[in-house]
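Visitor: I would like a close look at one part of this model. Please keep it to a single residue and what lies around it.

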Amino acid sequence: MNRAAEYFTRFIKQKNLRMTKQREIVVRVFLGKEGHLGIDELYSLVKKKYPEIGYATVWRTLNLLKEAKIASEVSFTGKKRKYEHLFDHKHHDHLICLKCGRCIEIVNPKIEQLQEKLARQHGFKIRSHRLEIFGFCLRCSGDKNE
Ligand SMILES: [Zn+2]
Ligand SMILES: [Zn+2]
Ligand SMILES: [Zn+2]
């Protein structure tokens, strides 16, 4: 079991919930997949190996993972809600394509520092932040010179 899974087991216990076999499987599948994952994609990955696990279980487990700060929600563009690993992962921000839903990972130390400076000016202590820039990716922007 890796650190994220251990952490989740503790989180579940604190909430007086049981770490069921099905929950454990959903967690394992989620943690085994890097990148940005929609709930439907996660569900079909789970279903391939464990057809007995229902959509509701996947959905509930994913929400618990989010609550435990192991998963984070990337974007909410219409129905395309995506999740990624948060625990033990490097911070980054996103450029999100409104057409195809692609998320490009970006990080710029200057922007990060500027955000901290801005918060400080307001006497504000940052716990976390999320920068999402919406628009159209190269493929979708209409420039058909591929
Ligand atoms: Zn950032
Ligand atoms: Zn696109
Ligand atoms: Zn990301």
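What joins the side chains of His94 and Glu84?

Guide: A polar contact of 3.4 Å joins them. (A polar contact is a pair of N or O atoms within 3.5 Å; within protein one must be able to donate a hydrogen and the other to accept it, and residues adjacent in sequence count only if both atoms are side-chain atoms.) This is a predicted model, where local features need pLDDT of at least 70, side-chain atom pairs count only at pLDDT 80 or more, and totals for chains, interfaces and linings use all residues. Residues are numbered from 1 along each chain as written, chains are lettered from A and ligands numbered from 1 in the order written, and side-chain values use heavy atoms, without hydrogens or water.

Stay with His94. Its side chain also makes a polar contact with that of His36, at 3.1 Å. His94 is found in strand 4 (strands are DSSP E runs of at least two residues, numbered from the N terminus). It is buried, at 4% relative accessible area (buried is under 20%, exposed over 50%, partly exposed in between, with a 1.4 Å probe and protein chains only).

Now the metal. His94 gives its NE2 to the zinc ion (ligand 3). The donor spacing in sequence is H-x47-E-x7-H-x1-H-x10-E. His94 in strand 4 (residues 93-97) and Glu105 in strand 5 (residues 103-106) are 11 residues apart, a pair that links distant parts of the chain. Glu105 is partly exposed, at 42%.

Next, the domains. The assignment, automatic or from a database, gives domain 1 (1-89) and domain 2 (91-146). Their C-alpha centres are 24 Å apart. Domain 1 puts 9 residues into the contact and domain 2 puts in 13. Across the interface, 5 residue pairs are in polar contact, both residues at pLDDT 80 or more. On the domain 1 side, strand 2 (71-77) and strand 3 (80-85) each give two or more residues. Strand 2 has the largest share, 4 residues.

Note on methods: Donors = N, O, S within 2.8 Å, 3.2 Å for Na, K, Ca; no water. Contact = heavy atoms within 4.5 Å.
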